[in-house]
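Colleague: I am new to this structure. Could we go through it together, starting with the overall fold?
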Amino acid sequence: MKCKDCELLLAAYASGDLSEQEALDCRTHLETCERCRHSLEAYSLLVEAIASEPQTIASSAESSALAAALDRASLAAKPAREVSGQWQSGVPAFVTASLAVFVLMVAALTAQAMNLLDVRSLVEHGRLPVVALMAVVIIFVTSFVPIAVTAKRRPLNGMTFRG
Amino acid sequence: MSQLPDEELVARCGRGDRRAMDELVSRYHGKLLDFVFRNLGDREMAADIAQSTFIRVFHAAASYRAMASFKTWLYTVALNLVRDEFRRRGARVETISSDSDELAGQEIESPELSVLDRMSSVEIWSAVDKLRDDHRSAIILRFRQELTYDEIAAVMGAPTGTVKAWVHYGLKALRQSLDPTDCED
């Protein structure tokens with residue numbers, strides 16, 4: 001290896017970034033070349049000086065400003081609320097809607113038991129359309145509301161993330 | 001939270017998890033400040049750019065795909081902002097170049113007492129500040145941020161060989177700038 005070739009590799013040699021073979025070639029040349037050894041020393045000093053300068057540390061004011069900016073950014077973005085476990089499947093929304101339907105049905109049955117709502121008399125008095133409408137409403141509420149509530153949730157970004 | 005890898009934290013950020021973002025901030029705020037500050041030499045500007053970088057990352061976290069490491073992505077965003085600032089400032093008035101021939105033919109001094117040995121950090125960083133932008137960024141990413149050459153290539157959008165050349169010529173230019181009598185070519 002000539003000085004010109006070695007010179008090109010010295011900076012990388014000083015920072016330990018050469019391949020094994022390149023480092024060996026460099027080392028062999030350095031053993032016999034005082035000029036390149038001197039260059040290596042200079043590069044090593046530079047690399048060490050650059051690397052050893054203390055790391056910049058964020059001041060408390062800078063950290064606070066960043067935290068406030070991120071707060072504002074997260075409010076503006078309105079990201080999906082933090083979810084984990086069962087929340088990710090949308091189960092609570094479904095359960096809530098189902099509970100509401102359950103309460104509605106219990107109320108209807110209770111009203112019937114207390115003679116506040118008499119389906120039989122409604123049928124006997126020729127008000128079949130009213131009974132049919134009530135049945136349709138119950139079927140609609142029990143079938144579609146939980147689905148609609150669940151489907152309204154935004155898709156979770158994490159579901160598309162590939163790690 | 002502190003045990004989680006960066007990529008998992010970014011995924012959580014994408015779901016709006018502020019604690020995950022706080023963890024990423026605690027890992028990288030200082031490094032990012034250092035990177036920008038060493039490039040621009042302006043602490044206030046460094047804080048602004050570091051802040052903008054994190055906000056951009058936070059907004060884009062949901063669409064982040066782990067094609068490259070988070071660290072590489074973070075520095076890429078920061079470097080783009082730094083380059084915008086370079087452009088805003090216009091061409092740097094004073095730069096030093098390794099291909100200057102004004103030093104050619106000078107004799108080598110004795111290695112016993114190198115001027116570099118006695119350089120203060122202020123002098124060294126003043127010289128770093130005068131390097132070409134890409135040389136300076138490559139050197140800072142390699143020796144301050146300890147990125148590999150491949151990572152730097154990804155951040156800077158250049159081939160790895162080019163990055164190695166930038167680091168080499170940057171260090172060479174620094175050496176010439178700091179100790180003109182010490183250079184043989």
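**Chains and core**

Modeller: From the N terminus on, chain A runs α-α-α-α-α-α-α, with seven helices and zero strands. Please keep in mind that this is a predicted model.

Colleague: And what pattern does chain B follow along the sequence?

Modeller: Chain B reads α-α-α-α-α-α-α-α. That amounts to eight helices, again with zero strands.

Colleague: How much of chain A counts as buried?

Modeller: In chain A, 17% of the 163 residues count as buried. For chain B, the figure is 45% of 185 residues.

Colleague: Turning to contacts, what share in chain A comes from residues 24 or more positions apart?

Modeller: Among chain A contacts with a separation of 6 or more, residues 24 or more positions apart account for 66%. In chain B, the corresponding share is 69%.

Colleague: Which residues have the most contacts inside the largest nonpolar core?

Modeller: They are Leu10(A), Tyr43(A), Leu46(A), Val36(B), Leu74(B), Ala78(B) and Ile152(B), in a core of 75 residues. Helix 2 of chain B, residues 18–40, supplies the largest share of this core, with 10 residues.

Colleague: Let us take one residue, then. What does Ala78(B) touch?

Modeller: Leaving aside residues up to four places away in sequence, Ala78(B) touches Leu32(B), Phe35(B), Val36(B), Ile49(B) and Thr53(B). One of these, Val36(B), is also listed with Ala78(B) among the residues with the most contacts inside the core.

Key: Residues numbered from 1 in each chain as written. Chains lettered and ligands numbered in written order. Predicted model: local features only at pLDDT ≥ 70, side-chain atom pairs only at ≥ 80, totals over all residues. Helix = DSSP H or I, 4+ residues; strand = E, 2+ residues; numbered from the N terminus. Buried ≥ 20, exposed ≤ 12 C-beta atoms within 10 Å, placed from the backbone. Contact = placed C-beta atoms within 7 Å. Core = buried A, V, L, I, M, F, W, Y, C linked by C-beta atoms within 7 Å.
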